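Welcome, and thanks for taking a look at this one.

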Amino acid sequence: MKNIKYIFTILILFCFLGSCTKSDKNYAKASFEAMDTWMTIQCWGKDCENAISIAREEVTSLEKLMSTTKEDSHIKSLNQKSENTLLSDQNSVVENLPPDLLPLIDFSLQMAETTKGAFNPCLYPVTRTWGFTTGTYKIPDENLIKEKLVYTDYEKIKFDDEKIILPAGMMFDFGGIGKGYTGDKIIQILKNHGAEYGILDLGGNVQAFGTKNDGSPWKIGIKNPVDEGIIAGLSINEGAVITSGGYERFFTGDDGKKYIHIMDSFSGYPVNNGLVSVTIIAESGAYADSLSTALFVMGIEEAVNFWKNNTDQFFDFILMKQISSDSEEIKLEIIYSDSLKDKIQILETSCVEEIKIITK
Ligand code: AMP
Ligand code: MG
């Protein structure tokens, strides 16, 4: 009897230790700094620690490819060559592309076309003039902006599977799509290496994949664009929830006006249409990221029409516009697509004046 008790105790201990080891192995989390922001990856499944470490390597290599500011970045060097080519009065740069850069360029230019240029990955000559890439902000002369806009016509870029022909003076800026694109790559890697489900937070861009063990949806908070904290909560199954916010990077000019980092691609001036936050919910991170920027540029009316007429990939949106009430308190109008009705919860109602639900 004593022996049976002994064996039983050992068995329980084994089971306990076994489940500990298993659950430890089954969950991994890493937070790190990359692409000018903080990133957190969490995943559950087989060998998640290894999966995350491979994903981190991918983030480092993508940053090396697409950063406009990192010394050893491919895009920084391509942009520099394009500028030098212009200075030496030549027409264009012809350059072989690393295979990993091709899909990003290809998809970015497709999204430029889809959004009729509202999303434009070639705005670097303009964003640089405003100092948004270096943090040395300034309001440029009107003529200088016009001069720089000449070098942002994405339709002039030609490329094939190997090389790109970039007209002299044109430069890429993947700031409006890069994190979503990276999120898609991370998820692919995690899945390929045994992760069953997980969630990424790439500086506020959230992407979830797979179904949790208990089958419950992922809960994602949307930042209050005019105050601290979270304004709304979303429950989603899988996909990307990506927000463009005027509050993320801006400066106040000598004229007392606020200038945000999202550029009206057509005027070359920071967007000033009342929108303070645009969230896109879609399956793909790159798609949601480029659209969040594009719809911010479009403004409410055009954004809603774009959504209504969209026959491309499915997406939902949440637009937040700042309106002033009589008391001059900051108030928001929140407009969202109807399929979010059962998924969204407004948590901070004191600053919300109006909510509109849009149907097709
Ligand atoms: P996001 O937060 O995704 O809207 O990205 C904003 C970043 O995208 C900016 O900091 C710029 O680097 C870049 N950007 C600004 N305006 C545009 C635009 N109209 N189209 C594409 N990228 C843009
Ligand atoms: Mg974006």
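Helices here are DSSP runs of H or I with at least four residues, and strands are runs of E with at least two, both numbered from the N terminus. On that basis the chain has 9 helices and 17 strands. This is a predicted model, in which local features need pLDDT of at least 70 and side-chain atom pairs count only at pLDDT 80 or more, while totals for chains, interfaces and linings use all residues. Residues are numbered from 1 along each chain as its sequence is written, chains are lettered from A and ligands numbered from 1 in the order in which they are written, and side-chain values use heavy atoms, with hydrogens and water left out.

**The chain as a whole**

- Taken along the principal axes, the C-alpha atoms fill a box of roughly 95 × 55 × 40 Å.
- Of the 360 residues in the chain, 49% are buried; buried means under 20% relative accessible area, exposed means over 50%, and partly exposed is in between (1.4 Å probe, protein chains only).
- The accessible surface comes to about 18,500 Å², and 50% of it belongs to carbon and sulfur atoms; areas come from the Shrake-Rupley method with a 1.4 Å probe, and for residues only the protein chains shown count as cover.
- Among contacts (heavy atoms within 4.5 Å) with a separation of 6 or more, 59% are between residues 24 or more positions apart.

**Helix α8**

- Helix α8 covers residues 285-298, and its end C-alpha atoms are 20 Å apart, which agrees with the 20 Å that its 14 residues should span at 1.5 Å a residue; the expected span is 1.5 Å times one less than the number of residues.
- How many of the residues of α8 are buried? The count is 14 of 14, so the helix is mostly covered.
- At the start of α8, a side-chain oxygen of Ser284 comes to within 3.3 Å of the backbone nitrogen of Ala286.
- Just after α8, Gly299 has a positive phi of about 85 degrees.

**The magnesium site**

- Which residues coordinate the magnesium ion (ligand 2)? The donors are Gly176 (O), Asp289 (O), Asp289 (OD) and Thr293 (OG1), at 2.1 to 2.5 Å.
- The donor residues follow the spacing G-x112-D-x3-T in sequence.
- This site links distant parts of the chain: Gly176 is in the loop between β5 (163-167) and α7 (178-192), Thr293 is in helix α8, and the pair is 117 residues apart.
- Gly176 and Thr293 are both buried.
- Donors are N, O and S atoms within 2.8 Å of the metal (3.2 Å for Na, K and Ca), and water is not among the atoms, so sites may look incomplete.

**Salt bridges**

- The whole structure holds 6 salt bridges, each defined as a side-chain nitrogen of Lys or Arg within 4 Å of a carboxyl oxygen of Asp or Glu.
- One of them joins Lys81 and Glu95 at 2.5 Å, N to O. This pair connects helix α3 (residues 74-87), which holds Lys81, to strand β3 (residues 92-96), which holds Glu95, 14 residues apart.
- Lys81 is partly exposed at 38% relative accessibility, whereas Glu95 is buried at 9%.
- Another pairs Glu333 with Lys356 at 2.9 Å, N to O. Glu333 lies in strand β15 (residues 330-337) and Lys356 in strand β17 (residues 352-358), 23 residues apart.
- Glu333 is buried, with a relative accessible area of 9%, and Lys356 is partly exposed, at 35%.
- Asp160 and Lys163 also form a salt bridge, with their closest N and O atoms 2.9 Å apart. Asp160 is partly exposed at 33%, and Lys163 is partly exposed at 31%.

**Loop residues worth a look**

- Most residues other than glycine have a negative phi.
- Asp36, which is not a glycine, has a positive phi of about 70 degrees. Asp36 is in the loop between β1 (27-34) and β2 (37-45) and is exposed, at 75% relative accessibility.
- Asp47, also not a glycine, has a positive phi of about 55 degrees. Asp47 sits in the loop between β2 and α2 (48-66) and is partly exposed, at 46%.
- His261 is in the loop between β12 (258-260) and β13 (275-282). Leaving aside neighbours within four places in sequence, His261 is in contact with Phe132, Gly245, Glu248 and Arg249.

Note on methods:
A polar contact is a pair of N or O atoms within 3.5 Å; within protein, one must be able to donate a hydrogen and the other to accept it, and residues adjacent in sequence count only if both atoms are side-chain atoms.
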